[in-house]
Amino acid sequence: MTQSTDQSRTQPGALSARDWVKTLAKYREPNQMRSAFELAVTVGPFVLLWALAWWSMSISYWLTFAISLVNALFLLRLFTIQHDCGHGSFFKNRLVSDWVGRIIGVLTLTPYDVWRRTHSAHHSASGNLGKRGMGDIHTMTVAEYNELNGFNRLMYRVYRNPVTLFGFGPGYLFFVQNRVPLGLMNSLRYWVSAMGTNISIVAALLVIWYFGGLAPVLLIFVPSTLVAATAGMWLFYVQHQFEDTRWEQDENWQLHDAALHGSSHYVLPSVLQWFSANIGIHHVHHLYSRIPFYRLTEVLRDHDVLAVSNRMTVRDSLNCARLHLWDEKSRQLLSFSQARLMYG
């Protein structure tokens, strides 16, 4: 977030983050019919657009490609519904949530049980400098970066470069890394999740190839997956990688403060907010992850102070791509050039 948006980044009033947890608890119950409706209006168009894209191959491959790009938005929304299932917030019945999440995981190329575990680690340690490494985007402090040798500095710069994070990163993450339970390799449960998802993906691709050859794989499956993955990567990035985010050493870190103050409120145009299933209201989600995504807007409607806190516009978010190092002295995320000017 830029300095020009200071007035819009109001902090959440006199209530402490812990107090807000108590206030938000009343929003946690999902509406079964609403959840089923949200699932239907996402899965239905996704399947129809797949069929339409397949049919359009007989007319124009460019038309097929264009329809696939539109369908990437529904795939992104499916991933966000899978995300809610992982938090147990989408259906009251945990078993139903888990199996809906596992089925969606085949479409999003994301082993559900593996992702749920790593994402839980992200929620339980977000903003904790002593517990980085699982389910997050690696962020170094200025002091840590300055202690690196030239080669390791270069490697970190390559990793944090937007071309890596949003160009190569999404394809690597969803097509390659998700195929094994990275970080959970010693658990049979997570191998079963990863391999079960992989087998299902391969079976689906073989069916597609049998009936349509390689064209629908290359023109529908690959582009829609890559675009959805890239959009998801960007959303995940700006939710925590902004100038006034919050990082603390383990001894000073507090779960609720980190959730509320270290997560952004990404204000998107209405259509993009719908396709991203309100995930931009991330400060509220991180503070109380059991709230279904369709009730997050209720929270903002009822609590103006949360509606105006941590706000980030699309224009603001573009500046976040150049921020890479956490400065423990100024308590801000800095660019490499800012860090160099401040500390040499």
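**Note on helix packing and aromatic contacts**

1. Helix α9 (residues 188–212) packs against α10 at an angle of about 130 degrees, and the two axes are 8 Å apart. That angle makes α9 oblique to α10, since angles under 35 degrees count as roughly parallel, over 145 as roughly antiparallel, 65 to 115 as roughly perpendicular and the rest as oblique. Axes here are lines fitted to C-alpha atoms, for helices over the stretch in contact, and angles run from 0 to 180 degrees between N-to-C directions. Leu205, Ile208 and Gly212 of α9 meet Ala215, Pro216, Val217 and Phe221 of α10, contact meaning heavy atoms within 4.5 Å.

2. The model is predicted: local features need pLDDT of at least 70, side-chain atom pairs count only at pLDDT 80 or more, and totals for chains, interfaces and linings use all residues. Residues are numbered from 1 along each chain as its sequence is written, and side-chain values use heavy atoms, with hydrogens and water left out.

3. An unreviewed UniProt entry places "domain: Fatty acid desaturase" at residues 62–302; UniProt positions follow the numbering used here, feature names are shortened, and annotations may be inferred rather than shown by experiment. Over residues 62–302 the chain is 66% helix and 2% strand, with the end C-alpha atoms 46 Å apart. Helices (H or I, at least four residues) and strands (E, at least two) are DSSP runs, numbered from the N terminus.

4. The unreviewed UniProt entry also annotates "transmembrane region" at residues 36–55, 61–79, 188–211 and 217–237. Residues 188–211 are 100% helix and 0% strand, and their end C-alpha atoms lie 35 Å apart. For residues 217–237 the span is likewise 100% helix and 0% strand, with an end-to-end C-alpha distance of 28 Å.

5. Across the whole structure, 19 aromatic pairs are found. Phe166 and Trp234 form an edge-to-face pair, because their ring centres are 5.1 Å apart and their planes stand at 70 degrees. Rings of Phe, Tyr and Trp (its six-membered ring) pair if their centres lie within 6.5 Å; planes under 30 degrees apart count as stacked, over 60 as edge-to-face and the rest as tilted. This pair links distant parts of the chain, with Phe166 in helix α8 (residues 162–176) and Trp234 in helix α10 (residues 215–238), 68 residues apart. Both Phe166 and Trp234 are buried (under 20% relative accessible area; exposed is over 50%, partly exposed in between; 1.4 Å probe, protein chains only).

6. Phe175 and Phe221 are also edge-to-face, with ring centres 6.1 Å apart and planes at 75 degrees. Phe175 is partly exposed at 29% relative accessibility, whereas Phe221 is buried at 13%.

7. Phe168 is also found in helix α8. With a relative accessible area of 61%, Phe168 is exposed. Its C-alpha atom is 9.9 Å from that of Leu226, 58 residues away along the chain.

8. Helix α7 (residues 150–160) packs against α8 at about 50 degrees, with axes 4 Å apart, and the two helices are therefore oblique to each other. Val158, Tyr159 and Arg160 in α7 meet Pro162, Thr164 and Leu165 in α8.

9. Two arginines lie over aromatic faces: Arg153 over Tyr145, at 5.0 Å from the ring centre, and Arg157 over Phe336, at 4.1 Å. The criterion is NZ of Lys or CZ of Arg within 6 Å of the ring centre and within 35 degrees of the ring normal.
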